[in-house]
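Take a look at the model below. We will go from a helix to a ligand, and then to the domains.

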Amino acid sequence: MDRDKDGLLLKVRGLTKSFEKNIVLDDVDLDLKPGEVHVLFGENGAGKTTFTKILCGGYLANSGEIAIEGRKVHIAKPADSRSLGIVAVHQDFSLVPQLSVLENLYLGREYKTGPFLNKRKMAKEAKAYFENLKIGLDIDLYKKIAVLSMEKQQVVAIARALLQPLKILILDEPTSNFTDRETGILFEHIRELTQRGVGVIYISHIVEELMEIGDRVTILRDGRVVGHIESNADITKENLLKGMVQRGVQKVQQALTTDLGDVCLEVNHLCTDSGLKDINLNVKKGEILGIGGLPDSGKSLIGRALFGLEKITCGEIKIRGEDIAQDIKPSRALKNRMIYFPAEKLDGLVLCRDIKENATLPSLKDKFSSRGILDKGREKDAVSGIVEKLNIRPPNMGKRVCYLSGGNQQKVIMGRGLLKEAKTFIFDEITRGVDIASKVEFYEIVAEIAKDSDGVIFITSELTELLDLCHRVIIMYGKRVKATLRHEDATREKLVHHILGLEVDR
Ligand SMILES: Nc1ncnc2c1ncn2[C@@H]1O[C@H](COP(=O)(O)OP(=O)(O)OP(=O)(O)O)[C@@H](O)[C@H]1O
Ligand SMILES: [Mg+2]
């Protein structure tokens, strides 16, 4: 590779990586120009994260060449990558949960005065840095990462990256816990960086983001480059989907069941000590009730409260007429055939175990065993049905979950819930990190589940999901119900107004 002839910041040729016999990247080429945002796009498990981890020294490629500014480089470990000016925000953040925010920010590049850490200097710089980020979140530098919300962890992971000198910035689903406002702020920072000539590799499944920030796209499928989009103007949902899937483009909108039954779940004047105020809602048999709002609006608290994870201070939760608010806890909710899918990714997955075990774990006692003995045949049949239905890849039940891509781990969580025989379903951000083709499959599954259910509560920050999938939508603001809209009356504009706490002009 000739030095600087092509003016590229990064030139990757023939990158190939396999894990045992599984070829995850197959002869991948990628060019990154200075000052561009190059999107890496493709379905769950396509190899995007693996590609970035090779650039960061996390994995060693089997073959291929990497050149930075025309010079061939060998990246064997994270330190090599960092000294070349490659900095990444990984999908899993890669923060150390037991260390403080400050310790994480400076891990491996601490300021020292003689042999001692210069904590004051680090704290001063970090504080100024967070202020400069203008993210509007109060982040305590001395708190452990483990106690921070996912949103704040994501900010810390990004801040840690941006605090370093960098030529190439890799962002692997950096906005998965962000509101539009926070995403907007991140994009401002990205623009500043690209103006200075930094090249950005950007990974996300959120099409609107790619349309806004992407200059070019490389599309991966099964570890191979299957397409390119060469200009921002051509980054459209159609082009992305066309490049990404063979399965064809399906419509997002599901046919909504029209014959809804009686009210099965009713919440009256519910308050919690986490701040929910006077929540009233009900869900009918067969109905999908969407709940939208900003991250701190209280929308997730509703799901948690209904499943017994919040302390209830007043009000009623009636399931099929019986009020269970007083001693609600997850076991009671489950007994009442209610199931909850939390927003935190990976929540409760046992990463070192395989797909089958993770999927059946909570159902084992009641469903797959008789008199305490596990019926392996039955377990296997059920799980293989789920793996197929959710298109979990690789479709290998014996695969340990830690080796699955982010989106496929999310599918295992979904599958686990589906194996339980629930009647009332609470989903919180279940399609986060799931690729756009699989999202459609999730919607189909939710619509299907809803038909025979005693009601589905679908908590999401995606407007499209509220608009297209739900019979009715509740918007939360300031931990109260701000508005309830029927499917027929809901428009994007109205939802946004309510989400922001504004009144809708009539
Ligand atoms: N350490 C590992 N050992 C074995 N297989 C792995 C390992 N890491 C990833 N894989 C496999 O490599 C493939 C690509 O995974 P990768 O995480 O790169 O996908 P991705 O494109 O980032 O997907 P997503 O959009 O879901 O994040 C998947 O099939 C995954 O199971
Ligand atoms: Mg990934």
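Is helix H1 (residues 48-55) mostly covered or mostly uncovered? H1 is mostly covered, with eight of its eight residues buried. Here, buried means that 20 or more other C-beta atoms, placed from the backbone, lie within 10 Å of the residue's own. Helices (H or I, at least four residues) and strands (E, at least two) are DSSP runs, numbered from the N terminus. The buried set includes two lysines, Lys48 and Lys53. Phe51, Ile54 and Leu55 are also among them. Just after H1, glycine 57 has a positive phi of about 80°.

This is a predicted model: local features need pLDDT of at least 70, side-chain atom pairs count only at pLDDT 80 or more, and totals for chains, interfaces and linings use all residues. Residues are numbered from 1 along each chain as its sequence is written, while chains are lettered from A and ligands numbered from 1 in the order in which they are written.

Now turn to ligand 1. The shell around it holds 21 residues (C-beta atom, placed from the backbone, within 6 Å). Phe19, Asn44, Thr49, Ser405 and Gly407 come nearest. Strand S2 (22-32), H1 and helix H14 (406-418) each give two or more residues to this shell.

Domain 1 (10-244) and domain 3 (346-421) both contribute to the shell, so ligand 1 lies between them. These bounds come from an automatic or database domain assignment. Domain 2 covers 257-337 + 422-506. The centres of domain 1 and domain 2, taken over C-alpha atoms, are 33 Å apart. Ten residues of domain 1 are in contact (C-beta atoms, placed from the backbone, within 7 Å) with nine residues of domain 2.

How values were computed
Contact = placed C-beta atoms within 7 Å. Buried ≥ 20, exposed ≤ 12 C-beta atoms within 10 Å, placed from the backbone.
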